[in-house]
Amino acid sequence: MVAVGTELLLGQIVDTNSSWIGEQLALAGIDSHFQTKVGDNLGRITAALELALDRSDAVIVCGGLGPTPDDITREAIAAVMGVELHRDDAVVERIRSMFYRRDRQMPANNLQQADVPAGARVMDVQPGTAPGLICPVRRAGGSAGPAAGGAAGADEKVIYAVPGVPWEMQRMVSECVLADLQARAGERSVIRSRTLRTWGCSESGLAEMLAPEMSRLDATGEATIAFLASGMEGLKVRITAKAADDETAQRVLSGVETRARAVIGEAVFGADDDTMESVVLALMRTRGLTLGLAESVTGGLIAARLTEVPGASDVLKGAVVPYDRALKTGVLGAPDVNAVSEEMALAMAAGACRVLGADVGLATTGAAGPESHEGAEPGTVWIGLRLDGGGEAVRVRFNMARTMVRQLSTITALNLLRTRLSAPAG
């Protein structure tokens with residue numbers, strides 16, 4: 001993948017196109033090894049394409065196909081191919097008809113979008129004014145990789161040029177690029193992934209626990225395991241398998257997942273699209289319980305997370321955000337004690353049950369920072385839980401910036417509730 005656009009380098013736009021294309025390639029069983037971003041400069045785009053072709057059989061270049069002077073991807077591709085651009089009359093008519101249907105006059109600069117490198121083929125799908133291009137490239141002494149196979153010859157590679165407008169790009173990739181890539185590859189395969197969602201273990205700790213399984217997979221080549229730290233979303237363990245068909249891939253994933261879960265234990269709270277809040281809500285429903293929140297340090301973040309899940313209202317009764325001490329004592333009935341303490345957290349959880357009429361109370365209080373609060377160091381948080389007639393409080397400490405303290409306190413509080421709801425009765 002080569003994504004073109006100075007705005008990507010400046011951070012003005014996030015490169016979601018490359019992420020989407022990478023996902024689609026994996027689903028189609030096509031290995032994707034490199035992603036590059038490059039600005040709107042002819043020399044640097046050309047160099048990026050040359051490098052991409054040196055190390056890959058096929059390149060998808062996204063962006064730079066518009067009608068403005070900085071849209072120079074076509075020129076760069078022509079330079080790499082060693083050919084001239086020519087104006088395609090059929091593409092001109094396509095673009096002109098689009099403007100006609102919109103009852104608009106076509107600006108003259110849109111004509112440059114019809115310039116096509118000699119030898120390139122215009123994609124049949126054209127949602128917008130920018131045509132997609134399939135550009136064969138002969139590379140002397142090139143490797144005979146899988147995408148370079150077929151009748152075209154072992155030294156022929158290919159560049160696919162698609163626009164940067166997401167909905168236009170997605171149609172072209174889905175309806176043209178993937179099918180052409182698979183035809184060039186000759187043999188079909190699928191790449192499937194499964195993600196275990198965890199909380200409570202460090203990345204290094206998980207890697208140590210899973211080291212034997214990862215060594216086994218290195219030897220067999222049936223799958224891979226990777227880790228992704230995702231802040232308030234937890235730490236993800238991604239299992240990826242490549243196989244001849246979906247059934248085989250899913251069977252491999254299930255086997256690796258079973259072994260991984262056995263090693264990691266209760267730190268796994270879900271898989272794939274599960275979130276901590278969706279899992280907690282499901283557990284609460286199973287037991288027929290309702291939840292009330294008292295959030296001081298988290299300031300409503302727990303409630304916000306829960307209410308993102310459709311149907312949360314059958315579990316969540318409501319939330320009190322007692323940021324001021326007077327509300328903790330006056331509304332929740334907490335004693336006039338240190339705000340960052342076990343006693344305060346327990347009292348707030350009990351008060352949430354009473355005030356909101358809930359079966360379960362969950363509370364947070366602490367010092368988010370950057371200053372200490374009532375003698376507690378920044379990052380100190382107490383989480384209170386009232387469940388099944390009993391109460392408990394847990395102290396945690398996050399040596400991080402204020403925003404991260406609040407976010408990590410949110411998932412830690414939900415995880416405490418999850419583990420207690422999942423514990424065997426008695």
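**View 1. The buried residues of H3 are Ile45, Thr46, Ala48, Leu49, Ala52 and Leu53.** Looking down the axis of H3, these buried residues stay within an arc of 160°, so they line one face of the helix. Here the arc is taken from the directions that run from the helix axis to the C-beta atoms, and buried means under 20% relative accessible area, with exposed over 50% and partly exposed in between (1.4 Å probe, protein chains only). Please keep in mind that this is a predicted model, where local features need pLDDT of at least 70 and side-chain atom pairs count only at pLDDT 80 or more, while totals for chains, interfaces and linings use all residues. Residues are numbered from 1 along each chain as its sequence is written, and side-chain values use heavy atoms, leaving out hydrogens and water.

View 2. Helices (H or I, at least four residues) and strands (E, at least two) are DSSP runs, numbered from the N terminus. The buried residues of H3 pack against several elements, among them strand E1 (2–4), helix H4 (73–81) and strand E8 (156–162); contact means heavy atoms within 4.5 Å. Turned away from the buried side of H3 are the exposed residues Arg44 and Asp54. At the start of H3, a side-chain oxygen of Asn41 comes to within 3.1 Å of the backbone nitrogen of Gly43; a polar contact is a pair of N or O atoms within 3.5 Å, and within protein one must be able to donate a hydrogen and the other to accept it, with residues adjacent in sequence counting only if both atoms are side-chain atoms.

**View 3. Helix H8, one face in and one face out.** Buried in H8 are Ala249, Val252, Leu253, Val256, Glu257, Ala260 and Ile264. Seen down the axis of H8, they fall within an arc of 135°, so they line one face of the helix. The face turned away from that buried side carries Glu247, Arg251, Thr258 and Ala262, which are exposed. Asp245 caps the N-terminal end of H8, with a side-chain oxygen 3.2 Å from the backbone nitrogen of Glu247. After H8 comes Gly265, whose phi is positive, near 75°.

**View 4. Strand E8 and its partners.** In E8, 7 of the 7 residues are buried, so the strand is largely enclosed by the rest of the structure. E8 runs parallel to E3, joined by 5 bridges, and antiparallel to E7, joined by 6 bridges; two strands pair if DSSP finds at least two bridges between them. Ile60 stands opposite Tyr160 in E8, and Leu133 stands opposite Ala161.
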